[in-house]
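Please look over the sequence and the model first.

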Amino acid sequence: MRLVSALSRHRTLLSASGLAAASVWLAIEHRSTDDGVRAADITPVSVADLDLAEGTGALLLDLVEPEDGEGGSEAELRALLDDLGLAWEPAGFYSEGEHLFRVIGEPDELAELQTTLASNPLVEVVEPELVYSLVGEVAIEPAEPADDVEPTKERRPRFEPDDPMYARQWHMQMIHTPEAWGITKGEGVIVAVIDTGVAWKDLPGVAKQAPDLAGTAFTQGVSFVPNSIADGLDDHLHGTHVAGTIAQTTHNALGVTGVAFKSTIMPLKVLSGDGRGQIPWIANAIRYAADNGAQVINMSLGGPMPSSVLAKAIDYANSKGVTVVCAAGNESRGRVGWPASNNGSVAVAAVDAMGVRTWYSNWGKDLDVSAPGGDTRVDKNGDGYPDGILQNTILLQDPMKNDYMWLQGTSMASPHAAGVAALVVSRGVNNPPEVERILKKTAKHPNNIEWDKEYGAGVIDAVAAVDASIESYQVERGGLLGLLGLAGLAGLGAAGLASRRARVAAFASMFLGAGLAAGAFGLAPIAYAAADLAGATAIGSPIFLSALLPVLATLLLVGFRPLRGVLVGLNLGYAALLLHGAIVLPTLLNGLPGGPTIDRLWLATHALVALALARRVSRM
């Protein structure tokens with residue numbers, strides 16, 4: 001008995017040490033690697049130092065939120081505005097609830113006001129109203145009718161769409177989307193395209209839907225540009241092209257393909273027909289997207305100066321579980337543009353058809369990844385066509401007509417990364433830092449290094465990213481499963497069985513239950529599979545990511561002795577799944593107040609419940 005007791009103590013100590021070491025390793029391995037500029041670190045430029053091309057001449061005033069406990073009251077905020085002595089107004093649609101205002105006056109008056117309000121405790125941000133614009137090189141090359149060209153075959157199974165121009169989309173081949181499509185096509189994910197709008201529907205006499213978007217799913221579009229085309233429609237061409245890269249209707253015997261073609265596009269127009277837009281329009285659209293179900297945002301736009309208002313909007317989106325992807329800029333300089341440089345943004349540079357950074361792409365210390373952006377001036381891959389990014393879009397500033405066009409720019413690179421992010425999110429990984437980590441971890445650097453200023457982590461790889469959202473977690477959960485088994489169980493429910501055959505059967509049944517719960521055998525964990533069956537909104541539900549299902553199964557089936565081994569394994573597998581979630585947090589929980597900290601506490605608590613239940617059943 002003393003020997004058994006000693007062995008038990010040693011086993012418990014060993015497993016506890018192993019769990020502690022594994023937890024530390026997982027926390028380090030999955031730590032956030034985003035070193036972008038935070039809102040608090042931005043020093044606003046003086047309104048007096050701007051020229052007319054960089055701003056509107058107005059001042060933006062972002063006040064505290066009394067309801068969020070940031071101080072002040074609605075009466076105090078109103079008194080502050082009334083005492084300004086200058087004209088003020090809400091800063092566009094969706095700004096009223098955010099206490100974001102425009103102040104209008106003479107440059108010297110605004111400069112003095114900016115200095116005066118900088119230290120006011122009711123003012124979070126006071127900065128000039130900047131103007132951002134497209135970052136895409138709109139080098140337009142209409143495509144000719146397609147020949148029947150067979151794409152290059154690779155060894156891994158691929159989904160081969162029947163779109164006739166697909167073979168010209170070298171950029172889809174480069175990032176291995178055909179292989180990823182065999183696993184997921186982005187089902188259940190909403191991607192907000194914050195741009196010039198999208199030709200997503202007909203508006204009689206004003207706009208026509210791009211034909212190769214007819215089978216794509218859309219939410220209701222919204223225009224944030226005052227007095228512009230309605231419903232988030234496009235009167236430029238840029239936004240429709242970007243949306244096509246993400247979710248062009250695919251396998252419809254027409255045109256071309258999109259990266260995550262089963263995802264849903266949310267068209268949000270923030271840039272006018274000339275490709276320019278004001279910071280409040282963009283910031284308001286980001287918050288709208290986060291509040292209305294978007295899980296990924298693409299912004300192929302930018303400017304040379306930072307905005308704290310915009311940085312705060314990106315932080316807000318991240319806090320709501322939205323991954324934000326931005327173009328790095330096309331100034332061919334060693335500094336990533338804004339908002340791509342902001343913390344919480346995935347900054348994307350552009351490579352050409354040979355995988356080499358393009359002549360126009362920005363690079364620098366805030367760069368995260370690279371993706372195909374194209375170069376319409378050349379045909380380096382020798383396919384007889386320009387090396388641009390090919391999608392269906394409207395003609396320039398003509399919403400009634402459309403064509404298939406090759407464009408180039410980091411504007412075209414960014415939606416490739418946003419599409420791959422949507423593929424990852426569709427697998428249940430919705431925590432923005434974890435989505436970004438996967439994009440970086442699985443990117444292929446041309447120089448076989450981890451990161452540099454020219455390519456970031458490398459060129460995104462769709463199938464590797466999708467695989468990592470499944471396989472890497474399986475290994476990690478499996479390790480935790482073994483350690484939890486050592487820590488929590490004595491005899492693994494088989495100690496009382498006399499025959500060797502009975503013990504083998506007991507171990508096999510527990511292995512089966514644990515594997516199904518933790519996501520072994522190449523299958524999704526039961527919690528994720530059940531949530532998927534319940535609908536996309538159930539992913540991240542605290543009901544499914546809890547000990548509820550194993551508790552109910554135990555209560556119903558514990559009376560059947562042959563199933564106790566399965567129940568031990570089921571609870572043990574759930575404990576591993578939930579503990580892994582508490583450490584890594586690949587999936588944010590929806591409906592729980594308090595953010596990631598509360599999510600981790602919820603998951604850890606339910607992991608302990610499942611482990612205790614496994615231990616109890618094993619001793620019956």
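Which residue forms a salt bridge with E436? The partner is K440, and the closest N and O atoms of the two are 2.9 Å apart. A salt bridge here is a side-chain nitrogen of Lys or Arg within 4 Å of a carboxyl oxygen of Asp or Glu. The model is a predicted one, in which local features need pLDDT of at least 70 and side-chain atom pairs count only at pLDDT 80 or more, while totals for chains, interfaces and linings use all residues. Residues are numbered from 1 along each chain as its sequence is written, and side-chain values use heavy atoms, with hydrogens and water left out.

**Salt bridge within a helix**
- E436 and K440 are four residues apart in helix α10 (residues 432-442), which puts about one helical turn between them. Helices (H or I, at least four residues) and strands (E, at least two) are DSSP runs, numbered from the N terminus.
- E436 and K440 are both buried. Buried means under 20% relative accessible area, exposed over 50%, and partly exposed in between (1.4 Å probe, protein chains only).

**Salt bridges between separate parts**
- The search of the whole structure finds 20 salt bridges.
- One of them joins K312 and E124, with 2.1 Å between the closest N and O atoms. K312 lies in helix α8 (residues 308-319) and E124 in strand β4 (residues 123-134), so this pair ties together parts that are 188 residues apart in sequence.
- E124 is partly exposed, at 34% relative accessibility.
- Salt bridges with shared partners join D62, E124 and K312 into one network.
- K201 and D231 also form a salt bridge, at 2.8 Å from N to O. K201 lies in the loop between β6 (190-195) and β7 (217-218), and D231 in the loop between β8 (222-223) and α6 (238-247), so the pair ties together parts 30 residues apart in sequence.
- K201 is partly exposed with a relative accessible area of 22%, and D231 is partly exposed with 24%.

**Strand β9**
- Six of the six residues of β9 (residues 264-269) are buried, so the strand is largely enclosed by the rest of the structure.
- In a regular strand, side chains alternate between the two faces of the sheet.
- On one side of β9 are T264, M266 and L268, on the other I265, P267 and K269, and all are buried.

**Pairing of β9**
- β6 and β9 run parallel and are joined by six bridges; two strands pair if DSSP finds at least two bridges between them. V193 has P267 in β9 as its bridge partner.
- β7 pairs with β9 in the parallel sense over two bridges, and the bridge partner of F218 is I265 in β9.
- β8 pairs with β9 in the parallel sense, over two bridges, and S223 stands opposite K269 in β9.
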